[in-house]
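Please read them against the coordinates.

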Amino acid sequence: MTDNPEERAAPATACGFVALIGAPNVGKSTLVNALVGSKVTIVSRKVQTTRALIRGIVIENNAQIILVDTPGIFSPKRRLDRAMVSTAWSGAHDADLVCVLLDAKAGIDEEADAILAKVATVKHEKILVLNKIDLVPREKLLALAKTANERLGFASTFMVSALSGDGVDDLRRKLSEMVPPGPFHYPEDQMSDAPMRHLAAEITREKIYRKLHQELPYQSTVETDSWTERKDKSVRIEQTIFVERESQRKIVLGKGGATIKAIGAESRKELAEIVGVPVHLFLFVKVRENWGDDPDRYREMGLEFPRE
């Protein structure tokens, strides 16, 4: 025992923002969920599903790691695409550290090459994360790590499988060592700064993509209109799915409403697991023409509206 107050003081804390940068479908959302240990971002086999900077929050070794899951970086064609790519790069420049994710199977393809070139302009320390290592022979992994490190001065290199969790614990420990000293920004029991209404909309949007990944284009969004906690502790949620054309509305509804019922059932089940109480979910489908050119919709998704 000691009477020295400094020795009795609680361990110093650290806290920092870590941006995950990579091409679409490289596994950023899956990695965020694996690091946090809970579902905080939607994961879809369709690319470009993460539209805003949804943060996952991790506590490790007296450090709070705030994960910024940026939209996948790709060649933007539409206004929404430009907003997503701009948001991704602003997230990288604003963070304390940057994790550059590469798909180990794809290697340094055209998209990854462009990202490595641009991320060189980001001043913070960078960590290379090779994901999906379970799909690639060890020799190819080592060669890919060597090539990427020759291109850019990475502080560390990690090989992980975000899906299985292999290597994720080591990455989490390293991030806790690298974030700067300082007080926590969020309560210790909080896993994400995304409001529940937003997360609920994201979950329903994921179910739409999974159900209609071939029939429905990206011009669809979900908004949570109401979230009411009832006396019996259950939650009533009303959401509107917006599409751009009547033909898309019919696709979402399905024959006799079968598709919208299936989407609602899957979303309701997952929401109930997350909030821990019964959920009553009511979905509506409306046509909102050219919503992709409406500044208000961008603000609701946490994106900057590109004027040009």
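1. In this predicted model, the largest nonpolar core has 25 residues. V18, L31, L67 and L175 have the most contacts inside this core. Two or more residues each come from β1 (14-21), α2 (28-36), β3 (63-69), β4 (97-103), β5 (125-131) and α6 (168-178).

2. L175 touches V18, I65, L67, L97, C99 and I127, leaving aside residues up to four places away in sequence.

3. There is also a second, separate core of 21 residues. Among its members are L128, I133, L141 and L152.

4. The salt-bridge count comes to 12. One of these joins the side chains of D103 and K132, at 3.1 Å from N to O. The pair links distant parts of the chain: D103 belongs to strand β4, while K132 sits in the loop between β5 and α5 (138-151), 29 residues apart. D103 counts as buried because its relative accessible area is 16%, under the 20% cut-off. K132, with a relative accessible area of 24%, is partly exposed.

5. E202 and R205 form a salt bridge through their side chains, with an N to O distance of 2.8 Å. Both residues lie in helix α7 (residues 196-211), 3 residues apart, or about one turn of the helix. E202 and R205 are both buried.

6. For the salt bridge between R236 and E238, the closest N and O atoms are 2.7 Å apart. R236 is partly exposed at 28% relative accessibility, and E238 is partly exposed at 21%.

7. Finally, a network of salt bridges links E206, K207, R210 and E270.

Notes:
Residues numbered from 1 in each chain as written. Predicted model: local features only at pLDDT ≥ 70, side-chain atom pairs only at ≥ 80, totals over all residues. Heavy atoms only, no water. Core = buried A, V, L, I, M, F, W, Y, C linked by side-chain atoms within 4.5 Å. Buried < 20%, exposed > 50% of the residue type's maximum accessible area, 1.4 Å probe, protein only. Helix = DSSP H or I, 4+ residues; strand = E, 2+ residues; numbered from the N terminus. Contact = heavy atoms within 4.5 Å. Salt bridge = Lys/Arg side-chain N within 4 Å of Asp/Glu carboxyl O.
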